[in-house]
Amino acid sequence: MLTPQRSDLPDLLTPLKEVFGYTSFRPLQEDIIRDSMAGKDVFALLPTGGGKSLCFQLPALVRPGLTVVISPLIALMKDQVDSLQANGVAATYLNSTLSDAERSTRWRGLNAREFKLLYVAPERLMVGTMRDDLNRWGVNCIAVDEAHCISEWGHDFRPEYRQLRNLRERMPDLPFMALTATATERVRADIIGQLHLREPAIYVASFNRPNLTYRVVPKSGGYRQVLDFLRERPKDSGIIYCSSRAGVDSLAAKLVEDGIKASPYHAGMEKDDRGRSQDRFLRDEVRVICATIAFGMGINKSNVRFVVHYDLPKNIEGYYQETGRAGRDGLPSECLLLFSPGDVVKQQRFIDEKPDENERRIAREQLQTMTHYAECPECRRVMLLDYFAEEFSADDCGACDNCLAPRSTYEGTVAAQKLMSCIFRIRQKSGFTVGLNHVVAVLTGSESEKVRQWGHDQLTTYGIGQEHSRNEWGAIARELMRLGFLGQSTGQFPTVEVTAEGMAALKDRRTIRLTKPMEAGRSRTERAGEIACDELLFDKLRQLRKQLADAQGLPAYIVFGDNSLRFMARFYPTTEGEFRRISGVGDAKWKAYGPPFLEEVQAHLQTNPRQIFAEDSFVPPPPRATAGGKSRGELLTDTVKETLRLYRGGLTPAAIARQRDVKESTVASHLANAVEAGETVDLTQFFTAAQAAEMQAAFEQAGWGMLSGAHAVLGGRYDYSVLRLFRAWHATQKP
């Protein structure tokens, strides 16, 4: 079968703007689309909010025939079809929610080849004459969405997805596209093998979500913490995840009693009640949904501004996907985890109930990794990305609690020596290792039966740790595990022991610094990169959006996303031409919704002044994202002054780096400090006018508050130090 070459493929930018309202692709999208249209199998791993759907939706519009999208959830099918139809795309779905009359109408449309996209569940493809029907309908591509469901190692494994390999055997010449937002290397290989993808083009985007801020706080009066968090965000919508159905019901009921519009969602509810909860959330009739992990996969509600984990997730992969449901529109959003050591114990009990030992072993390892994430003092973004085998090169992500407010360390040598010595003495006396709880019992002088029975109350380490509580000793032990001084087994009764590194530290009396525990504090975080706009107009536009959406029975974000509304409230479009230039406004959206929004902007300007926003950023970056709130004297240190003197003396950055024995990136950072301190610096040696324009466009897309966002948009082509230098210079270019 002859397949088109990539160079022969049609223009994609025109339908991208006319249908979807965008003027450029996100990273990897265009390459994925062109490879698929050239007849290649494609595996694409793009993060939630990274634009996976466009990778099969856009080519479906510009080539003949039907694209079949295999989707795991009924709600996901309806959500995406509603959104496509709002953009003027002929799309439909077949599932069990349809009446006989609706099913017949859609079947006739498919036979007449009236549709460009068809969404179906995997099991439906394997019944009746469906596979024969696909040939009659002129199918040109099979897109497997949420493809991690096909892998038994995926966190959302669906056995029915395994049947898709039979479909590939029946249609060997048809190009397949597999897409997922989260998968380890093992799961990626399994997806490719299970679907029999043929020499696929493989695209793995960065897992970094620069618009998300990650925070972990100790759970202390959990409900009050959640209530305070919500009251500080009276206009935002979000998801609160709980580990149990009873927890969901209780939390939702309490929030309603306290005046928060909230609904529950879990698998134990009646199907209709569950559907109503979801629809109310999607349509902004309630702003908070309390849910188990059953909620959310594939739900394309773009304006979720926060995700709260009320209980500890089971593993990092699930946590990453759940937090990824925030900020799908690219605007700043928050991810808050309430952590309690008691939640670790609860999870361990659930794991012990699993019948299969291999499952228990894997679950314990995953829980340990999740616990380390919750308690680690390092950048949370670094740890998350490292889990997916991705390196984050910045020293400070500027968008997690550990980077925004680093925890101080303390001299922990004595505590570490006491704990490790106690573990060593117990094994020396008894000849076996014990669990951490027993070690802590010995340290704190417990008179429990086991301590006396095993003679551990006779050890020299008995009772020497009463200055710390049991919880404090648990935290110290877990940090020593992270540091490599202690190890823990993964059996049904995990035990702790001192590692070779720990023994060396004891023998050498090595100084050990530990991190101070997290403090509950306030839950509010800065929203770096927010699109500054006329907030009064933004509220009016949101109200109008809801009215129009309610009239059509649609979720509000399908009309326009929050980012589009913020751009309207920033640039005040008063003509059709100006309005069409707003991101997210395509032909169908203009015709269906544009005029009333245009009238709302015009009416607002009749009674309110036009606000002026700084052209160099959407919002003033938070202090830690730029100079850390430092004074001119703190910025212009002696070393910065010396670099500035050499640069003004005519030396190139490379020459300065050689003379001062530093990296060129350090030279750029010194000059960024100088610019932020108000010094005038000629930066033509660092970037051209064209490069400056490229960096500006990247910052405007990702937000000016975090360098990592622009770095990701630019595909890593510019060093972080150059991006910081450009941002500092650009902030001085005000009229």
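**Loop residues and strands**

Mentor: Tyr 572 counts as buried, at 1% relative accessibility, where buried stands for under 20% relative accessible area, exposed for over 50% and partly exposed for the range in between, with a 1.4 Å probe and protein chains only. The model is predicted, with local features needing pLDDT of at least 70 and side-chain atom pairs counting only at pLDDT 80 or more, while totals for chains, interfaces and linings use all residues. Residues are numbered from 1 along each chain as its sequence is written, and side-chain values use heavy atoms, leaving out hydrogens and water.

Tyr 572 sits in the loop between α24 (562-571) and α25 (576-580), helices being DSSP runs of H or I with at least four residues and strands runs of E with at least two, numbered from the N terminus. The phi angle of Tyr 572 is near 50°, a positive value in a residue other than glycine. Arg 113 also has a positive phi, near 55°, and is likewise not glycine; it lies in the loop between α5 (100-111) and β4 (117-120), and with a relative accessible area of 52% Arg 113 is exposed.

Turning to the strands, β11 (residues 288-291) has Val 288 and Cys 290 pointing one way and Ile 289 and Ala 291 the other, and all are buried. Strand β9 (residues 237-241) pairs with β11 in the parallel sense over four bridges, pairing requiring that DSSP finds at least two bridges between two strands; here Ile 240 has Cys 290 of β11 as its bridge partner. Strand β10 (residues 262-265) also runs parallel to β11, joined by four bridges, and Ala 262 has Val 288 of β11 as its bridge partner. From β10 the chain crosses through helix α11 (residues 271-282) to β11 in a right-handed β-α-β crossover, that is, with the strands pointing away from the viewer, the path from the first strand over the helix to the second runs clockwise.
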